[in-house]
Amino acid sequence: MNIIDSHIHFSNIESFKKTAVDMSKVDYSFCGYIKEFEANNIVASIAMGVQETKSGSFPDENSLNPMLLDLEKDIPHNIYSCVGINPSRLVGVNKNEELKNIEKYIQTHAVKALKIYAGYYHYHVYDDVYKPVYELAVKYKLPVVIHSGDTYSERGILKYSHPLNVDELAVYNRDIHFVIAHLGDPWVMDCAEVVYKNDNVFADLSGLIVGDRQQVEKTSNQKLFFEHIKRALVYADCYNKFMFGSDWPLVEIGSYVEFIKKLIPLEYHEDVFYNNAKRIFKL
Ligand SMILES: [Zn+2]
């Protein structure tokens, strides 16, 4: 089965590089991507643009918009970009220039989505600061991916990354497709309800476990952990709205694919691992 990974990273972020060495033990590089993704039949990926101006400063208020993929000069041909938004620079004097830069980038590159780092940046997803970004999403028919759940930095503030916030956003912006990242974990039931209730809300299954093969197997074999995720999927009962994603380089891909396969009923594998991402991101 060909697979699309709907959530990876390919940016030069210190905490990702450190996790790749210490925990997931993956080769976070151009060559590492090609080898690991080919070996697991992953034919395309969506990478979430994010940048830091100083090593270790993510989430960085000074990063210019849009935030891009900058791990290496060359990007593998089958990585598509979801450009990141830094809302701290969408207020005050920088605002118009940064918005212009986002739009110019969309016009000149094959951008597949926009990414809001809720929680990492301290604004609600329905804050007016994002209004012009959502206008761009409508104008260029781009889905908006929203970080949700735990933040991979203690500088995040969790009230901004709760998946329930996406409900209000979805109701007032029916012409935009929203993708809740990480199933909103640990608030997976809230995420399931928001996906179930709103036609224009989807979710990716990335980042539910961080680590190497041994860690993925250990965690996914814990009954309570497995059921915590499974309960949300069973409740929502809409396998045309969930997408496989890994959050690479935070996890070893092969074992993560096996973990998600165990969660999804066999008849929906093609949808969750391929068809849904192809449709939602228009690949
Ligand atoms: Zn991520």
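Predicted model: local features only at pLDDT ≥ 70, side-chain atom pairs only at ≥ 80, totals over all residues.
## Ground rule

Two residues are in contact here if their C-beta atoms, placed from the backbone, lie within 7 Å.

## The overall fold

The chain has ten helices and eight strands. Its radius of gyration comes out at 17 Å, close to the 19 Å from the globule rule for 283 residues, so the chain is as compact as a globular protein of that length.

As for the inside, 48% of the 283 residues count as buried. Take the contacts with a separation of 6 or more: 78% of them are between residues 24 or more positions apart.

## Helix 6 against helix 8

How do helix 6 and helix 8 pack, and at what angle? Helix 6 covers residues 188-197 and helix 8 covers residues 223-236; their axes sit 9 Å apart at an angle of about 15°. Angles under 35 degrees count as roughly parallel, so helix 6 is roughly parallel to helix 8. The crossing of the two is right-handed.

## Who touches whom

On the helix 6 side, the residues in this contact are Val188, Met189, Cys191, Ala192, Val195 and Tyr196. They meet His228, Ile229, Arg231, Ala232, Tyr235 and Ala236 from helix 8. Sorted by type, the residues of this contact come to ten nonpolar, one polar and one charged. Arg231 counts as the charged one and His228 as the polar one.

How values were computed:
Residues numbered from 1 in each chain as written. Helix = DSSP H or I, 4+ residues; strand = E, 2+ residues; numbered from the N terminus. Rg over C-alpha atoms; globule rule 2.2 N^0.38 Å. Buried ≥ 20, exposed ≤ 12 C-beta atoms within 10 Å, placed from the backbone. Axes fitted to C-alpha atoms, helices over the stretch in contact; angles between N-to-C directions. Parallel < 35°, antiparallel > 145°, perpendicular 65-115°, else oblique. Left-handed = near helix turned anticlockwise from the far one by under 90°.
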